[in-house]
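Subject: Structure handover

Hi,

I am passing the structure on to you. Please open it alongside this message.

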Amino acid sequence: MACFRKTNLFLASFGILLWTGEASGFCASVFETQQDHALLGHVMQTVNVTDEFECHRKCIQNNTCKSFNVHPPRSNPIKKTCEMNNQTRQMKPKHYKKKIGSSYHGPVEVSCVNIMETNNQQTKRRCQPGYSGKQCTAVKKGSSPDFPAVSCKDIWKYTNAQKNGDYWIDPKGTGRPFKAYCDMTTDGGGWLLVLNVITGSSHYNQLSVVTSYRGISDYHSNKMVISTSAMKELYGDLNFQQIRFHCRKHSVGRTFHVVTAANSSGNAVVQYFSGLTDDFPDSCGSYVTMKDDDSELSKRCSEWNRDPSGKWSYSVPNWNKAVERLYNHAAWILYKHHWLLGIRNPFECDDFRGAPSSGDFWKVFVR
């Protein structure tokens with residue numbers, strides 16, 4: 001079987017086969033990434049960002065942005081420089097230059113169909129990898145175990161998914177994907193659920209502690225919490241930059257909902273809850289509140305911990321910090337407002353020993 005006799009262009013850096021000519025059948029756009037390159041001279045706006053994901057989001061939100069460059073941190077060790085361009089490298093190929101440490105990101109059209117020619121001159125059409133069906137419709141990343149994504153953030157970045165729910169991910173690229181829950185709507189989307197406890201109507205089962213991050217696929221049980229060692233394993237494969245804490249207790253009538261800030265204080269919180277350091281991180285300045293947060297905890301950060309020391313986590317003897325960091329007093333004000341799950345049976349969200357009711361929840365996401 002011989003390939004259809006048309007000139008083709010192979011982009012080795014991206015693994016994308018582009019057919020040229022009238023039989024090409026371009027029908028999709030793929031967002032490419034090219035390391036150590038940048039498009040120069042077409043910058044329409046420059047902003048500081050935490051990562052490429054944030055720069056991509058800002059570009060999508062700007063109607064005139066066609067591609068973007070991301071440069072490594074300069075004076076600020078946390079922030080990268082995001083340059084939004086009003087042209088692409090295909091439009092201005094002479095201005096596309098090698099730039100070590102930077103990366104270029106932009107759309108490129110690809111063919112959904114390989115056209116093959118048999119010995120009897122009959123043509124056959126075969127879908128490119130990632131496409132299926134008679135029309136070679138794109139198979140969205142994360143939609144099946146045959147086409148998993150690295151993370152929820154990866155799915156959002158390449159498909160702009162807008163629906164919360166199950167997606168297939170394979171963070172380590174082992175070929176053993178698993179289902180996980182992705183929140184694609186809160187604060188821009190791309191959130192991976194790593195802790196999920198929802199109380200029932202009559203009694204509360206013992207928590208299910210996940211000791212390897214693959215166990216987060218058990219979120220349907222509504223009693224899944226992740227150990228510090230599993231968080232450390234996940235961080236090693238995903239290098240996530242933010243953690244989001246979200247709980248709601250109906251009897252109290254308040255919601256605690258915060259996201260770690262994109263600064264050194266927020267990064268210290270991520271490092272601590274991922275088991276990379278044992279130093280308790282400062283609470284004030286380390287998080288931003290979501291719109292539905294009305295908790296006392298978020299308003300009184302200087303009172304956190306038992307001294308109060310204004311710190312995250314639980315500074316008492318004989319505490320199993322190797323396991324319980326995310327769910328045993330992750331944030332708390334002594335005898336008043338706690339984030340606490342299943343330690344000697346209390347379920348506390350911005351309260352102290354209040355009785356839980358059906359539908360109360362505690363969730364933690366990473367991105």
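Below are notes on one helix and on some of the disulfides.

Keep in mind that this is a predicted model.

Start with helix H2, residues 152-159. Six of its eight residues are buried, so the rest of the structure largely encloses H2. The buried set is Cys152, Lys153, Asp154, Ile155, Trp156 and Lys157. Ser151 caps the N-terminal end. One of its side-chain oxygens sits 3.4 Å from the backbone nitrogen of Lys153. After H2 comes Asn160, with a positive phi near 55 degrees.

Now the disulfides. The structure has five. Here are notes on some of them.

Cys152 pairs with Cys182, S to S 2.0 Å. The S-S torsion is about -75 degrees, so this disulfide is left-handed. Cys152 belongs to H2 and Cys182 to strand E14 (residues 178-183), so the bond ties together parts 30 residues apart in sequence. Cys152 is buried at 1% relative accessibility. Cys182 is buried too, at 0%.

Cys59 is joined to Cys65, again with S to S 2.0 Å. Its torsion of about -100 degrees makes this disulfide left-handed. Cys59 is buried at 5% relative accessible area, and Cys65 is buried at 11%.

Cys284 bonds to Cys301, S to S 2.0 Å. Here the torsion is about 100 degrees, so the disulfide is right-handed. Cys284 lies in the loop between helix H4 and strand E20, and Cys301 in the loop between helix H5 and strand E21, so the link spans 17 residues of sequence. Cys284 is partly exposed, at 35%. Cys301 is buried, at 15%.

Best wishes

Technical notes
Residues are numbered from 1 along each chain as its sequence is written. This is a predicted model: local features need pLDDT of at least 70, side-chain atom pairs count only at pLDDT 80 or more; totals for chains, interfaces and linings use all residues. Side-chain values use heavy atoms; hydrogens and water are left out. Buried means under 20% relative accessible area, exposed over 50%, partly exposed in between (1.4 Å probe, protein chains only). Helices (H or I, at least four residues) and strands (E, at least two) are DSSP runs, numbered from the N terminus. A polar contact is a pair of N or O atoms within 3.5 Å; within protein, one must be able to donate a hydrogen and the other to accept it, and residues adjacent in sequence count only if both atoms are side-chain atoms. A disulfide is a pair of cysteine sulfur atoms within 2.5 Å.
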